[in-house]
Amino acid sequence: MAGLVLAIAIILAALFGPLLWRVSPIAINHALLGDPQPPSLVHPLGTDMLGRDELSRALYGARISLLIGFTAMIIAITFGTVYGAISGAAGGWLDSVMMRTVDAMLSFPSFFLIITVEALTNSFELGMMILIIGLLSWMGVARLVRAEVMSLRERDFIEAARAIGAGPTRILLRHLIPNALAPVVVAATLAIGDNILIAAGLSFLGLGVQVPTPSWGGMLQDALSPAVQNSPWLIVTPGILIVLTLLAFSLLGEGLRVALDQSIVQVGVAGVDVEPVANAATA
Amino acid sequence: MIAYAARRILGSIPLLLVITIISYALMGLSPGGPAAILGQSARGMTPIQREHLIALLGLNRPWYVQYFYWLQNLVLHGSLGYSYVDSRPVIAKILGKLPVTLELIGLSTLLTLAIAIPTGVYAAVKRGRAFDEIVTTLAFVAYGMPVFWLGILLIDVFAVHLRWFPLSGISSLGQSHNLLDRLDHLVLPVVTLSTVSFASWMRYQRSATIEVLGAPFVRTAHAKGLTNWTVIVKHTLRNALLPTITLLGLSLPSLIGGAYFIEYVFSLPGMGYLGVTSVFARDYPTVMGITLISAVLVVAGNLLADIAYAAVDPRIRYD
């Protein structure tokens with residue numbers, strides 16, 4: 001419940017915050033250049049090294065974070081679901097080859113892989129970043145869906161569908177996948193948070209959202225500049241935002257898991273079983 | 001058991017092959033390809049010199065041909081090639097950095113286990129009570145904490161303001177063989193890595209313990225009058241450790257990823273620091289080498305976890 005409230009609050013802040021707090025996140029205030037201001041009434045979260053308003057940057061950063069979190073999640077979930085369903089439904093050698101590939105992709109620090117791909121492709125566009133995050137984080141979902149499909153495959157209603165003449169594609173799309181979606185919903189929720197964490201890490205390394213577009217990771221990177229050494233608010237704000245967002249989505253995921261009656265003991269650790277990529281960024 | 005280990009090691013070879021092929025393909029297929037990489041390190045070259053260098057490094061061949069030569073070099077000569085940056089053998093470069101990463105991961109795993117296992121067990125025993133609620137909340141917060149942010153905070157508080165620990169690096173000037181000095185430099189990085197991994201371990205241990213606490217043999221143990229302590233330590237904990245050991249293997253990729261970040265923030269000269277700087281320098285062979293070594297670490301970690309599994313649970317046989 002707390003997770004839901006927090007998640008909604010963050011989403012609302014990202015959607016409407018910039019409309020209410022109409023200060024430009026990128027306008028440089030020359031009077032304050034090189035002299036970051038602590039939080040005040042004019043700038044509730046202070047200003048950064050270039051005199052830019054931190055609150056405004058935080059709100060626009062929330063938009064970017066959520067945009068990345070959701071879209072990369074959709075890519076990963078779609079791909080992972082289809083992949084896992086095909087693998088589970090096909091069985092045999094195709095299944096082993098497909099799962100071996102998943103094992104391989106799970107076996108190396110995907111965060112390092114993402115950095116490598118980002119840097120080598122030399123492409124820092126938002127769309128590219130979302131695509132890369134999405135395409136490198138579907139493996140957990142694929143495993144989940146495969147396991148579900150394999151147990152569903154043997155059930156009577158599938159047999160019944162086959163008996164009345166449904167083809168393999170129809171069985172996959174209309175019967176297997178819809179029934180395997182419960183754990184996917186939980187994984188999707190957790191993935192949003194994980195993606196946000198990865199994106200923040202990339203932006204922190206200068207490989208993500210590029211300046212001057214505000215992002216939480218970028219704000220943290222700016223806060224490391226020697227020019228702003230005595231400005232703790234610059235370090236604290238983006239970090240707390242990331243922690244709160246992650247907290248919101250992991251609590252929400254945990255809540256959904258209980259609500260959807262997933263076996264709590266078996267898989268029941270938020271974010272643990274579902275491939276902790278983000279915490280590769282961070283754990 | 002040796003036969004089992006040997007079989008597992010052989011079985012992991014295809015896995016490593018797939019990993020390296022994927023990495024090579026990703027790098028080779030990236031827009032511009034590896035040849036574009038030279039744009040950076042070869043500034044100031046004439047077009048002819050550039051062409052010559054590309055041909056010399058074999059970058060004009062398709063990626064799978066390059067991969068084949070890379071693999072051949074590795075298998076026949078045990079070589080991972082030479083760095084584009086300083087022409088040193090990649091293996092020597094990586095081996096020089098590996099100890100720091102292993103120390104960081106090893107020490108922080110020990111610290112995490114030492115705290116997370118008792119906490120998880122106690123939280124399970126006191127399920128639903130204040131202690132459990134507080135620890136669970138803390139775990140969720142720690143889970144969402146970006147490792148680089150925590151690192152920066154700790155540096156700011158304990159190194160910059162309180163001056164209890166050094167700012168960065170692995171040793172003080174002229175103290176490179178002083179063990180205490182090295183440990184002193186590792187305190188903050190280890191604490192950072194442990195904090196973020198604590199959450200998963202604690203939650204895992206907690207749910208495993210809860211499951212075991214519901215087992216009939218625990219009720220039997222209570223019924224025959226054993227003390228709470230004996231039931232928990234002798235009967236529950238030993239059984240509840242099993243899933244946690246699996247996590248030891250599973251969490252390695254994320255531990256290594258986290259270690260890379262921490263090394264970057266704390267300027268520790270480890271594999272992750274080398275990795276990030278090599279990526280920025282487009283040092284293709286070094287990046288490839290680090291990917292392979294990371295994968296080997298993960299595969300080895302999984303193997304060790306499986307062996308440890310059997311050591312704790314005599315019911316498990318190698319066959």
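Predicted model: local features only at pLDDT ≥ 70, side-chain atom pairs only at ≥ 80, totals over all residues.
Over all chains the count is four salt bridges, and one of them, B:R203 with A:E254, joins two chains.

**The two chains**

- Going along the sequence of chain A, you read α-α-α-α-α-α-α-α-α-α-α-α-α.
- Chain A has 283 residues, and 55% of them count as buried.
- If you take the contacts in chain A between residues at least 6 apart in sequence, 71% join residues at least 24 apart.
- Chain B reads α-α-α-α-α-α-α-α-α-α-α-α-α along its sequence.
- Chain B has 319 residues, with 47% counted as buried.
- For chain B, 72% of the contacts with a separation of 6 or more come from residues 24 or more positions apart.

**How chain B splits into domains**

- On the domain 1 side of chain B, 20 residues are in contact with 14 residues of domain 2 of chain B.

**What the domain interface in chain B is made of**

- As background, interface size is often quoted as the accessible area lost when the parts come together.
- Here, domain 1 and domain 2 of chain B bury about 1500 Å² between them, and 80% of that is on carbon and sulfur atoms.
- There are zero salt bridges between domain 1 and domain 2 of chain B.
- Zero residue pairs in polar contact turn up across this interface of chain B either, with both residues required to be at pLDDT 80 or more.
- Three helices of chain B, α1 (2-29), α2 (33-41) and α4 (63-77), each put at least two residues into the side of domain 1 that touches domain 2.
- The largest share of that side of domain 1 of chain B is 13 residues, and it comes from α1(B).
- By residue type, the side of domain 1 of chain B that touches domain 2 of chain B has 13 nonpolar, six polar and one charged.

- B:H77 belongs to helix α4 of chain B.
- Is B:H77 buried or exposed? B:H77 is exposed, because its relative accessible area is 60%, over the 50% cut-off.
- B:R206 is part of helix α8 of chain B, which covers residues 179-213.
- B:R206 counts as buried because its relative accessibility is 14%, under the 20% cut-off.
- Leaving out residues up to four places away in sequence, B:R206 touches B:G120, B:A123, B:A124, B:R127, B:D132 and B:T136.
- B:H77 and B:R206 are 129 residues apart along the chain, and their C-alpha atoms are 48 Å apart.

**Salt bridges inside chain A**

- A:D95 and A:R146 make a salt bridge through their side chains, at 2.7 Å from N to O.
- A:D95 sits in helix α3 (residues 92-106) of chain A and A:R146 in helix α6 (residues 139-153) of chain A, so this pair ties together parts 51 residues apart in sequence.
- A:D95 is buried, at 9% relative accessible area.
- A:R162 and A:E159 also meet in a side-chain salt bridge, at 3.3 Å from N to O.
- Both A:R162 and A:E159 are in helix α7 (residues 156-163) of chain A, three residues apart, which is about one turn of the helix.
- A:R162 is partly exposed at 42% relative accessibility, and A:E159 is partly exposed at 48%.

**A salt bridge between the chains**

- Which residue of chain A forms a salt bridge with B:R203? The partner is A:E254, with the closest N and O atoms 2.9 Å apart.
- B:R203 comes from helix α8 of chain B and A:E254 from helix α11 (residues 232-259) of chain A, so the pair joins two chains.
- Both B:R203 and A:E254 are buried.

Notes
Residues numbered from 1 in each chain as written. Chains lettered and ligands numbered in written order. Heavy atoms only, no water. Contact = heavy atoms within 4.5 Å. Buried area = accessible area lost by both parts, 1.4 Å probe. Polar contact = N/O pair within 3.5 Å; in protein donor to acceptor, adjacent residues only side chain to side chain. Helix = DSSP H or I, 4+ residues; strand = E, 2+ residues; numbered from the N terminus. Nonpolar A, V, L, I, M, F, W, Y, C, P; charged D, E, K, R; others polar. Buried < 20%, exposed > 50% of the residue type's maximum accessible area, 1.4 Å probe, protein only.
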